[in-house]
Amino acid sequence: MSVNNLAPMLRHPDLKRLYQKWVELCDNGEVPMAVDVDPADLRPWLSHMVVIKVDRDGRYVYGYYSNEYAEIFDGDRVGQSIDSLPKEQRDILKREYEQVRVEQMPVARVYTGVFDGEEQTWERLVLPFLSHDGDVEKMMVAAYRVS
């Protein structure tokens, strides 16, 4: 497995910088382990981030949910599984997280939705982090509004 290069495809400068930070953590092109991340290094992105934990049953559970997202997206979800989300949203996220978990590669996408009655376009980046066993145990997800 080697690291892909999403940087040229990303639109938002903060996502480009976050991706570059993740690449710096990669050792010889291998996906970094979750224990390699110093939370202090993530300060520039914390307001636009969630951390997804992969639990033993393969469920995706919010381990961190920024205060800003809690205000925008109907409350704090820490400790909740994505199974609690509406079906359409849950299915999209589940496919995306499964892809990242199985391929152990970052994924980025741009999406448009209606939030607070306003159509908005966002770009998101999902970055995998491995356990000592070599499985994806956490995913860092950051999203920024682009229009």
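By class, 9 nonpolar, 1 polar and 2 charged residues make up the lining of the second largest pocket. That pocket has a volume of about 240 Å³, while the largest pocket holds about 620 Å³ of space. Please keep in mind that this is a predicted model.

**The largest pocket**

- The volume here is about 620 Å³, and 24 residues form the lining, with Phe 73, Gln 89, Leu 93, Tyr 111 and Phe 115 closest to the centre of the pocket.
- Two or more lining residues come from each of these elements: strand E2 (60-65), H2, H3, E3 and strand E5 (136-145).
- E3 makes the largest contribution to the lining of the largest pocket, with 6 residues.
- Sorted by class, the lining of the largest pocket contains 16 nonpolar, 3 polar and 5 charged residues.

**The nonpolar core**

- In soluble globular proteins, nonpolar side chains tend to be buried together.
- In this model, the largest nonpolar core has 43 residues, and Leu 18, Tyr 97 and Met 139 have the most contacts inside it.
- At least two residues of this core come from each of helix H1 (13-25), E1, E2, H2, H3, E3, strand E4 (118-130) and E5.
- E5 provides the largest share of this core, 7 residues.
- Leaving aside residues up to four places away in sequence, Leu 18 is in contact with Leu 42, Trp 45, Met 49, Leu 125, Leu 127, Met 140 and Ala 142.

- Ser 66 sits in the loop between E2 and H2.
- Ser 66 counts as buried because its relative accessible area is 0%, and the cut-off for buried is under 20%.
- The side chain of Ser 66 comes to 3.1 Å from the backbone oxygen of Ser 47.
- Beyond residues up to four places away in sequence, Ser 66 touches Leu 46, Ser 47, His 48 and Met 49.
- Glu 68 belongs to helix H2 and is partly exposed, because its relative accessible area is 38%.
- Met 49 and Glu 68 are 19 residues apart in sequence, and their C-alpha atoms are 9.0 Å apart in space.

**Two loop residues with positive phi**

- Asp 74 has a phi near 65°, which is a positive value in a residue other than glycine.
- You can find Asp 74 in the loop between helix H2 (67-72) and helix H3 (87-103).
- Asp 74 counts as exposed because its relative accessibility is 73%, and exposed begins over 50%.
- Gln 104 also is a residue other than glycine with a positive phi, here near 55°.
- The loop that holds Gln 104 runs between H3 and strand E3 (107-115).
- With 17% relative accessibility, Gln 104 counts as buried.

Conventions. Residues are numbered from 1 along each chain as its sequence is written. This is a predicted model: local features need pLDDT of at least 70, side-chain atom pairs count only at pLDDT 80 or more; totals for chains, interfaces and linings use all residues. Side-chain values use heavy atoms; hydrogens and water are left out. Helices (H or I, at least four residues) and strands (E, at least two) are DSSP runs, numbered from the N terminus. Buried means under 20% relative accessible area, exposed over 50%, partly exposed in between (1.4 Å probe, protein chains only). On a 1 Å grid over the protein atoms alone, a cavity is a set of points where a 1.4 Å probe fits but cannot get out, and a pocket is an open set with protein on both sides within 12 Å along at least five of seven lines; lining residues have an atom within 4 Å of a point. Grid points are joined across faces, edges and corners, and a volume is the space filled by probe spheres set on the points. Ala, Val, Leu, Ile, Met, Phe, Trp, Tyr, Cys and Pro count as nonpolar, Asp, Glu, Lys and Arg as charged, and the others, Gly among them, as polar. A polar contact is a pair of N or O atoms within 3.5 Å; within protein, one must be able to donate a hydrogen and the other to accept it, and residues adjacent in sequence count only if both atoms are side-chain atoms. Contact means heavy atoms within 4.5 Å. A nonpolar core is a set of buried Ala, Val, Leu, Ile, Met, Phe, Trp, Tyr and Cys residues joined through side-chain atoms within 4.5 Å.
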